[in-house]
Each structure stands twice: as C-alpha cells, then as structure tokens.
Amino acid sequence: MIGAIIALAIKSIMLNKVRSFLTMLGVIIGVGSVVMLTGIGTGLQSYISDQFAALGTNTLYVVPGNPFGEGGGFSNQEQAFIETTRPVLKRAYLDRILRNHREIFNSGTATAVGVAEARFGSTTKKATLYGVMPAYSQVQNTNTTTGRWFDKNEETNADRVVVLGPTVAEELFGKVDPINKQLKLNGQNYTVLGVLEEKGGSFGGPSFDSYIYVPLETLFQQFDATYIDSLIFEVRSQDQLVAATAAIENELLRDLEDDDFSVFDQTQLLNTINQILGALTAGLGGIAAISLVVGGIGIMNIMLVSVTERTREIGLRKALGATPRMILLQFLIEAALLSIIGGLIGLLVAFAGVQVIKNFFPATITLQAVMLAFGVSTAVGLIFGVAPARKAAKLSPIEALRYE
Amino acid sequence: MLLQLKNVSKYYSLGSSTIKALDDISLEVAEGEFLSVMGPSGSGKSTFLQVASMLAEPTHGQIILKGTDVTDYDEIERAHLRNQEIGFVFQQFNLLARTSALDNVALPLVYARQSHSVQVERAKEMLDRVGLGDRLHNTPAQLSGGQQQRVAIARALVNNPSIIFADEPTGNLDSKSGKEIQNLLSELHRSGKTIIMVTHEENVAAIADRQIVFRDGKIISDSKKKKSKRSNNK
C-alpha cells in the first residue's frame, strides 16, 4: 500500500515540476550551505592540525604574558598584545634551562621579529625578519632545500647572513639561484646562505615561507628588534612534556612572576584553536540551518496551497475509498519527498561547491555533515508536512467535492 | 434486498434553525433496479444520494446494505465500503487532471490495494467496455465531455460495485453526448447493474425503470414503469 501511495505522491510532484522545484529550492539552499560551510570549518581544522604536526609535536613554547588564560588572549586582545610584547624573556634563560636540563631538552631557540626593506637587483619588498638561533632548524623541523643554515658562530658574531623562506626567495630572485648572492636589507649587504623547504602557509596572513631568517644577534644589532618574543624548546620525547614544562617554569620563576610568561605545547595550542574553529563551524552550520527551517516553511506553505487547490481531488479520492490515513500519508510523503529530493540536490550543489572552494581554501565534506543535513531536511519535510496533510485528511468528502 | 433505508432523516443546523434535508424516508432498492431520483433543488435528492452512497451519515434511521446494517460504520469502514460496493458518476466528471484515462480508471483499485498489473488489466477492460479502448493514455483535456464521462463511468465500474450512484450524469453535456451516456447507463442496467441516478430532466429520468420524486425532504411519489424487462439476469 505504501508503495502505491509513494507512486501517487511522485505522480503529483511530477505534475507540477516547476512548482516542485521552486518548493525544493529552500531545502536545496539550506542543505547546500550547511554542508558547504561545515565543510569549510572542518577543512580548516584538519588543515591547521596538519600544519601543527609538520612543526613537530615535541615542542614547548614560552611566551610573555598569558595569551591563553582568562582575562587575556581572545577575551581581551589589547591587553594580550601588550603582555606578549613585554620584554621579559632573555636569551640567558634559554641557555640556563638547556644547560641545567640536558636530560630533558634536545635543543632550543629564542626568536624575535623585525621588519626591513629587502632588495635584490631592482626588486624591492617589505619583509618580515625572523631572528632565530641555528637550533631553530632542528626545533621546528625546518630544513634547507639548497644551501645551508647559518651556524653557531655566525649567529653569535652577528654576521650579515640570511636564510630565505621559499616564497620570499621566489619573489626576490625569481629564477636566479640566490645562494651566495648579496641581498640588501635596509641598504646593507647580506649573504644568502640557503633557501628553506616549503612549509605551506597560512592563507592570507604571513607565513613561515615568506620570512627572511636572520641570526638572532644580527637582528638585535642591525635592526629595530627590542625583545625576544618566544623561546622554543625541543623536548627529547613526548613523555617528558610535563616534566619539561615544570622545569621551564621552575627556572623562569627564579627571575619572573607567574603572570609574566606562559609555557604551552602544540596540543594545548591546537586544542584552543580547534575549540574556536569547532564553535565557528557550529555557528556557521547553525546560521545555515536557519535557511533549512525557512525551506521547511516554504514546503509547508506550498503544501497548504496545494491542499486547497486540490480540495476536489481529495474529495474524489475519499469518495473512491481513500481513508483519511491514506490521504494523510500521500501528502506527508509528498512533502517528505520534496524535502529529500531537495536535500539530495543540495548535497550535489555542496559537493560541486567544495570542489571549487578547494582551489582557494581547505574544505572537506564529512560524512557526519552529510548525514546531519540529510536527516534534518527529511525531518523538516515531515514536520512541516504534517499540518497540510492533516488538513487534507480531515476534509469531508461531500464538502470537498462541492468545492469550486 | 440490496439497499434498505429505514426511517432515515438528515438534519443540518443553520444558525439557530434546523433544516430537515431528509425527513423520515424509507426506501428499498432491489438488485438490478435502475432508479431515477427527481425533485426541485433543495428537495433533498442530493442529500439522499450522499446518505445512501455512504458519503454522509444519517441523523436518524438505519441503512442496510446487502443485509448488513452499515449505519454506524466509522470513517474507515465507510471508505472501504464505498471503495468495494459503490461506484460514483458525477456531473463534473471529477477526473484527475493531467492524468491518463487508464490511471484515472485505476484509482479505486489503488485504494483497493490491487497490484499494478491487476490495476492496468482491469482499467483497460473497463475502458474497452465504455468504448474508449483506444484512448487509454489520453488525459481528460484531450477528451470530449462525453468521453470524459465515459472514463468516469469506467472508473465507477472498475471495482465491480453493487450500486452505481450517478449525480446528474448528463447535466454537463450537450444533448448528443448526453444521449450516449444515457444509452451507456441503460446498457449497464440491462447487464444487471443496480443504478441510482439523480436528475432533473424528465427525459433522462425516463430511461430508468423506477422513478422517485422528492419534495421537502420526503418522497412524494414512487412509480415503477410497466415495462417488460428485456433481461432479468444479474
């Protein structure tokens, strides 16, 4: 019986193709945008996770202030910014920690940031200078593709040498091999020692690939850098992360206050970012879900019109032996089918959309998002189909047949 | 006796007053009878048709179909009864628009839960019987009024019902098509079908072998034609 009723429902959908399509449009847009937006959200999440994994998982960061704690970081941007630029970290701390805890730490580096105008030939570019120590290559898992990193002597002597990120190398040198070429930074000559492998960058914002890496001492002596913005440690094994955090805190608390600095590892940072992105994804999905509800209301609206328009037909069906339940089912199935077909088309739209978006932005469609959107659209059809279907089922056959 | 109405009344309330659309009528219809129902508008003939065809419930009285008291049947039982025992022919044809003659005729079989192959087979058979075997896939818009009414008659016959109720079956047709439909109904009657037809046209009523006339909710005349039946089989 249900098969016969489904056949009836399909027939009446097909009899009004244009109207059926317009009715579905709301659900198409709703499902399409829910799946696409959550796809962007989850794509972003896995992209960032991958980036972190590429930077190494045995790494501990020390930064000034408390950017991830309460009252700082994301809840108070300005305060957080002021705190992270406080010149509390010293190179001596790094050396002391590494010296006192050889059993825990492999190596470590201090970092600082500056800005300079870079010029090669006639190409000029404003570049971010990243002052690091030679250990950076090991700590952050960053190797050269050609040439080499500067060594310890070059760093402590504040030699005028640089290592280029692949993007900035390409921008300044083009097809010319940059190794051992002279690059002008704020008008002074620097020798290019090496070019780094590609790390993949943050879209839009600055990326590790576009930095010019200079020895930390050089940065402090030749440029306007005034403070160390982070200490990065490589811990010997992941099991030692907790012990390492404690060791760093103990050492630093000898000279600094508790609020002056924070120690965190990749997982902490990753968790925070994932939380934010998760909330963002849910928020985007929620906003898109509103359009699904609107789509559902559209279906209800059309089905109510359809019931009125087909009053005589309903009366006839009842006269010929359709029970109220069969009429109810027919209209309910019609609404659900509109919604399901709309949902399927919406999924196709989302798949196509994500293929296009992928060219600019990481996006992946998850099975969960598909199931959720599809389930919700079916539910929307059923829920918003009930009122019109009940109206149809309740019609008296005599009244309905008399309806003009 | 195929259909018995015992002291049946149907009241409608209109504001504070009550309208007695049917006022204590009793009637028996035998199998194979062709009954015409006449009367001015508002006389109760339409209400009689609705009550007798199980579309409406009487306010008082009893309805007995094939020896079973069906007065207190609920909505679902009535739907099954209409599907199995009653065929409807309407003045407005009431065919589903943009739906083939075949699908229109098969509709009662859908609600009778017949398989698709049975639906097609029976519907074809009925359309053949009304002379539209070559118009199976035409939609109502592609058929003349007379042809549409023949499709409707095929639909009324498709479940092999006990009684066919026809409400002004020629009221919406030109005289030639009307004549064709009258002939078709007579032919069905001769083949043993029981038909109850409401009409306001004397000449149409004349094809029936029994005529009843309503006025003010009561039957004021019930006359059988003294016409020899050409066939007396079912």
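Predicted model: local features only at pLDDT ≥ 70, side-chain atom pairs only at ≥ 80, totals over all residues.
**View 1. Packing of helix 10 of chain A against helix 13 of chain A.** The axes of helix 10 (residues 266-309) and helix 13 (residues 367-394) of chain A come within 9 Å and cross at roughly 30°, and the two helices are therefore roughly parallel to each other. The crossing of helix 10 of chain A and helix 13 of chain A is right-handed.

**View 2. Residues in the contact of helix 10 of chain A with helix 13 of chain A.** Helix 10 of chain A contributes residues including A:Leu292, A:Gly296, A:Met300, A:Met303 and A:Val307, while those from helix 13 of chain A include A:Ala373, A:Ser377, A:Val380, A:Phe384 and A:Lys391. The residues of this contact divide into 14 nonpolar, three polar and one charged.

**View 3. The hairpin of strand 1 of chain B and strand 2 of chain B.** Strand 1 (residues 3-14) and strand 2 (residues 17-29) of chain B run antiparallel and are joined by nine bridges, with B:Tyr12 standing opposite B:Ile19 of strand 2 of chain B. Two residues lie between the strands of this hairpin, in which B:Gly15 takes a positive phi near 65°.

**View 4. Pairing of strand 1 of chain B with strand 4 of chain B.** Strand 1 of chain B also pairs with strand 4 (residues 60-65) of chain B, in the antiparallel sense and over five bridges. Here B:Gln4 has B:Ile64, in strand 4 of chain B, as its bridge partner.

Note on methods:
Residues numbered from 1 in each chain as written. Chains lettered and ligands numbered in written order. Heavy atoms only, no water. Axes fitted to C-alpha atoms, helices over the stretch in contact; angles between N-to-C directions. Helix = DSSP H or I, 4+ residues; strand = E, 2+ residues; numbered from the N terminus. Parallel < 35°, antiparallel > 145°, perpendicular 65-115°, else oblique. Left-handed = near helix turned anticlockwise from the far one by under 90°. Contact = heavy atoms within 4.5 Å. Nonpolar A, V, L, I, M, F, W, Y, C, P; charged D, E, K, R; others polar. Pairing = 2+ DSSP bridges.
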